[in-house]
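This report concerns disulfide bonding and the setting of selected residues in one protein. Please consult the sequence and the structure shown here while reading.

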Amino acid sequence: MSYSRLSSGDSLPLYNRGSSGSRSNSSESSSALGTVSPIINARDSIDLAYYEFSSKRRKHGSSNNWANLILHAPKSVVVAGLLTIFVTSYLLSLQAGDLVYINEHLGTIGAELLVSVVSLTVTTVMLYAGRMRSNTRRGTLLVIMCISVILYWYDHGERFEHHGFYNILVFLLIFVPLNMAIALFYVLWCKIENFIVYFFISLAIGGIAASASLVHYRRVFDQGTLGVFQYTPGECQWTGRNIPFIDLLPAGTQNFWAGSMYCRPERQRIKASVDGDGVLRVACESKDKDVFVDVLPETRQWPLKDKDMWSGFNHLILEQVVRLPYSSSRPFVLNETTQAVVVRCGSSSTIVTRVSPPLAKLLVYVPPSDSDTRPSSSPTFSPESARFNVSGAPKMQLGRPNVIYLMLDAVSHRQFYRRLPKSAQVLKTLHRPGSHRLFELYRYHSVGFSTDNNTKAAYTGEIYPSQPNPLPIWAYYRDRGYVTARIEASCDDWAKKYIGSKFDSQEYSVGNRSLDYELSSPFCLPEYFPNVGNAYEGHEGTGEVLRTLDDSLALFLESMRDSGELDDTVLIIGADHGLHMGLNFAFLQSGRIEHKNPFFAMSVPEWLHEFSEKYQTEHGSEKMSPFVANEQRLVTPFETHHTFRVLADWPEFETDSWKRSLFATQNAGRTCEEAGIGANFCMCKIPATQ
């Protein structure tokens, strides 16, 4: 029997499938097929192909009863079976547990989600490409909608224990584009003559283009601001086949429904400022509108029990917001402890922040004796302990450098350059030998799955604090005379969330003990932080929202460069880990590498750069520049912690902390075990030991 696909304008012949009872009659019916008047539509071509295939199997005597059973099963039964697979596999993908469990079973969860997508896609294709009654089709679609609503209602959580929202997101990211592609393929197949030929030609060209692009993106994966990841013999390499398929997707593909990720600059309809005397002045474009000022609470002195995000930290802040009317006829003086206000005029609003009280009025801080972190106050302190004072070094600046740490949550080395191109370009300009120098860590490796372990390693030097009432690194700075400030842009409190359980009393205020200034309230307002849920620029499944940060970050870096502040400031831009959700992480080895390779760049003043190199030459076992060497060495947040410790003690430091900091050359050929990275978490291994 000969058969060729018809164009959309053709039709198929009518024949009687069941009238002949013998093989000869079947043959005659088949041979006469081309002479019968065509009255069947082109969309039935799939059924004809199915009939031809099944009739051939009858002629040759099929021995596979299961195959025959499936081929001859009613379509409603097949659809019911597919929907059962869809529901079962999706429910299995909702398996939940703690962080370790999710990390160990992420591949299984991803596979189960993929099975659910495929089964529902096959069901959809059968509904529209197969010959099914319209009532059956409508009924099936109604059943699918009801199942979807029930599954959403069953689990739409955003935590490890209930992660249904993320499952839905990943499911739609695969299901919608896949079905759109299938629908487009079917329409073109029906409309275009010889479409299959064109399709395979296009597929070949697309494959060549994709392969060339992957070669390019694989090279780009290793690149940095001023250098590149070097495949140095004896140094660890990223494990597995690193093929960055995710880079083939155009920017915005994974959340195309959200529109542009670049915000247009708005014309400011309110001008508001606070002078040195604390007087707020407001000019509103709409003269007939009443102006109100929302005075936001100061949270620095709040105890740990009031700063639990999951217990309503944001709601507590909203409850303490005081709204006051503003009038230009009389001065509006802010309380000295007020750090931020929101000025509202009609539908417009603006946030005004300040540093208050001013530094000139800030009292000298005296740390309490029971928690003083200074070496001389430690019970184990020995005057003979190994310390170095830079005052004897020639041409050495004895002043203390400013220290700024900008932590980007869930941003890998590659993701920084993928989603923040403007900031990456400005970052290059921070390297100005003679004034300040920039270096980057290409083998910077996280020590835990999430923010928890990585920030505890950086801020306390331990993943599991060994002492009660542990204090974060900013307490060390305050005890040594630094003015400390912390801005928390996630309506959260780090100390409460990650070390709060280690304190004897939840009435204790870590902020009051360790900080001079704290700014959290503005980021808990509903405009920024919803009453339910959360949104961080880098910490979301599609990896696209991070682009909204690009303009602001680039502007900040430019202002630091042009102001001259970097001549006496150590600026660190670092992440705790890479993205641990979304398609890239769930399905690709490159995504798992990115998760364990967070971004890290550091700008140091020229005088500190010179001293570090000289000290390494005179006291280090390896004479290589620490900045050049460490760019290609395996380093972790533990080295970041000791870098903080050295800067806090300046101009005197413990030599042990110096050796473990980024100012000293770390050992070549370092293994994960030596760096404090768990064996099951290690992603950078020396090739001979992989």
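The sections below describe the disulfides and then a few individual residues.

## Disulfide pattern

The model is predicted. It holds four disulfides. With bonded cysteines counted along the chain, the pairing pattern is 1-8, 2-3, 4-5, 6-7.

The sulfur atoms of Cys236 and Cys684 lie 2.0 Å apart in a disulfide. The torsion about this S-S bond is about 85°, so the link between Cys236 and Cys684 is right-handed. Because Cys236 sits in the loop between α8 and β3 while Cys684 belongs to strand β19, the pair ties together parts 448 residues apart in sequence. Cys236 and Cys684 are both buried.

Cys284 and Cys345 are also joined, with 1.7 Å between their sulfur atoms; this link is left-handed, with -80° about the S-S bond.

Cys672 and Cys682 are buried.

## Individual residues

Cys146 is partly exposed, at 40% relative accessible area, whereas Cys190 is buried, at 18%.

Thr451 lies in helix α12, which spans residues 451–460. Thr451 has a relative accessible area of 10% and is therefore buried. Its contacts beyond four places in sequence are Asp409, Lys456, Tyr498, Asp576 and His577.

Definitions and conventions:
Residues numbered from 1 in each chain as written. Predicted model: local features only at pLDDT ≥ 70, side-chain atom pairs only at ≥ 80, totals over all residues. Heavy atoms only, no water. Helix = DSSP H or I, 4+ residues; strand = E, 2+ residues; numbered from the N terminus. Buried < 20%, exposed > 50% of the residue type's maximum accessible area, 1.4 Å probe, protein only. Contact = heavy atoms within 4.5 Å. Disulfide = S-S within 2.5 Å.
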